[in-house]
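Hi everyone, thanks for coming along. Today I'd like to talk about aromatic rings, so let's bring up the structure.

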Amino acid sequence: MRVHPCVLFPLLSSLLLVGACRDEQAGPAHRTPRLPAPATRRTLDAAPAELTFRSGATFAGGAIVYLGSRVTPEKARPGQPVKLAHYFQAVRTPPQGFHFFVHVVEPESGQMLNNADHEFQEGAAPLETWPVGKVLEDVHTVVMPASPGRVVLGFWRDEERLAVDDPRAQLGANRVRGPLLGGEPPALPEYTVTRVKKAPVLDGVLDDEAWKGAKAVTLVGSFDGRPVRLRTEARLVYDDANLYVAFDVEDPDVWGTLRDRDAPIYEQEVVEVFLDANADGRTYNELQVSPHNVLFDAYFPARRQGMDLSWDSGMKTAVKVRGTLDDASDRDEGWRVEMAIPFKNLAEVPHVPPTPGERWRFNLYRLEHHDRRQVEGQAFSPLFVGDFHALPRFAWLVFQ
């Protein structure tokens with residue numbers, strides 16, 4: 001599967017910088033080489049009484065018990081270092097050759113937020129050396145995530161992981177649930193989309209009566225909701241056949257070099273609509289338009305999996321540039337986009353047309369390249385993770 005740059009953007013200050021993209025789904029742990037063991041392995045007779053998270057989950061038929069963890073400080077601010085102390089006990093002779101892993105993931109989806117893999121006690125206590133009956137403590141530091149993150153722990157060897165005995169104690173793939181970092185995420189925004197009797201004319205002007213009665217929303221920083229440097233305003237309406245989306249984009253330099261349908265326009269300047277019509281958090285469609293009115297549309301059967309570019313949305317679009325395309329020597333005002341997206345072609349649409357009160361999941365995005373270099377991601381619903389496909393953070397689209 002091809003993974004494109006709008007999938008993953010590491011946060012650097014208020015801007016998102018394009019780099020080599022990689023799949024951050026929590027798969028096999030990083031292959032951390034075993035470090036030379038320090039002189040002393042640290043053991044305890046019992047876990048501290050003041051654990052902030054208690055578990056009791058077991059591995060390998062009860063051979064290893066995860067007693068729990070202590071988070072210090074427990075209520076840290078996003079971005080602040082947090083000390084994690086994990087406590088394990090070997091009840092029987094431990095298995096051979098397994099390494100320790102620690103991930104911080106989204107609680108709902110399991111999407112990776114932070115890979116904190118390291119050798120247990122910095123290499124002083126390989127699993128096979130744990131004395132039966134003693135408690136072993138591992139201490140390390142992570143950064144408090146911007147949105148809630150679940151710590152998951154376990155042990156790996158080559159391509160396998162040490163089995164977790166109780167499926168209810170793990171978050172898939174033999175990753176035991178540890179403490180939750182951070183508080184509740186911000187509430188998901190909602191957009192009530194009005195039904196119109198007369199469809200807007202697709203000319204990129206946005207002077208139709210349909211748009212005058214539609215609620216305007218301003219996109220914010222896609223990672224954390226902070227204000228953005230250049231304004232993007234969006235509106236939505238619908239009729240029996242189509243969902244209509246309009247973007248009004250402030251942009252002093254409107255440009256793009258790609259001209260082919262389904263070209264990777266997400267690598268340049270673009271506006272995007274993601275639609276999960278049945279709100280199942282799996283099947284969804286991605287639709288994009290560039291300033292040159294180049295279209296990109298794709299179907300996904302699951303989050304960031306099986307991208308199908310053969311799918312045709314049937315959408316009609318219009319773009320109006322207020323300035324001079326591809327000329328960096330002058331100052332442009334921006335560009336406007338109108339999209340007519342047929343309901344009949346979208347994935348898993350509950351009803352055509354949608355019934356009053358029907359609720360879909362969706363998000364709106366813009367990618368802006370300041371000075372054609374620094375990339376800023378914008379969204380209607382901030383994601384709090386570097387992934388435009390973070391379906392758990394999609395907003396609600398409510399049909400009037």
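Let me start with a question: does Y238 count as buried or exposed, and at what relative accessibility? Y238 counts as buried, at 0% relative accessibility; here buried means under 20% relative accessible area, exposed over 50% and partly exposed in between, with a 1.4 Å probe and protein chains only.

A quick word on the source: this is a predicted model, where local features need pLDDT of at least 70, side-chain atom pairs count only at pLDDT 80 or more, and totals for chains, interfaces and linings use all residues. Residues are numbered from 1 along each chain as its sequence is written, and side-chain values use heavy atoms, leaving out hydrogens and water.

Now the rings. We have 24 aromatic pairs in the structure; Phe, Tyr and Trp rings (for Trp, the six-membered one) pair if their centres lie within 6.5 Å, and planes under 30 degrees apart count as stacked, over 60 as edge-to-face and the rest as tilted. Y238 pairs edge-to-face with F343, at 6.3 Å centre to centre and 75 degrees between the planes. F343 is also buried, with a relative accessible area of 0%.

Next, F362 and F380 make a tilted pair, 5.6 Å centre to centre with 40 degrees between the planes. F362 is buried at 0% relative accessible area, and F380 is buried at 11%.

There's a cluster too: ring pairs link F53, F59, Y66, F88, F100, F120, W130 and F155.

Finally, charges over rings (NZ of Lys or CZ of Arg within 6 Å of the ring centre and within 35 degrees of the ring normal). K215 lies over the face of Y191, 4.8 Å from the ring centre, and the charged end of R361 sits over the ring of W396, 4.5 Å from its centre.
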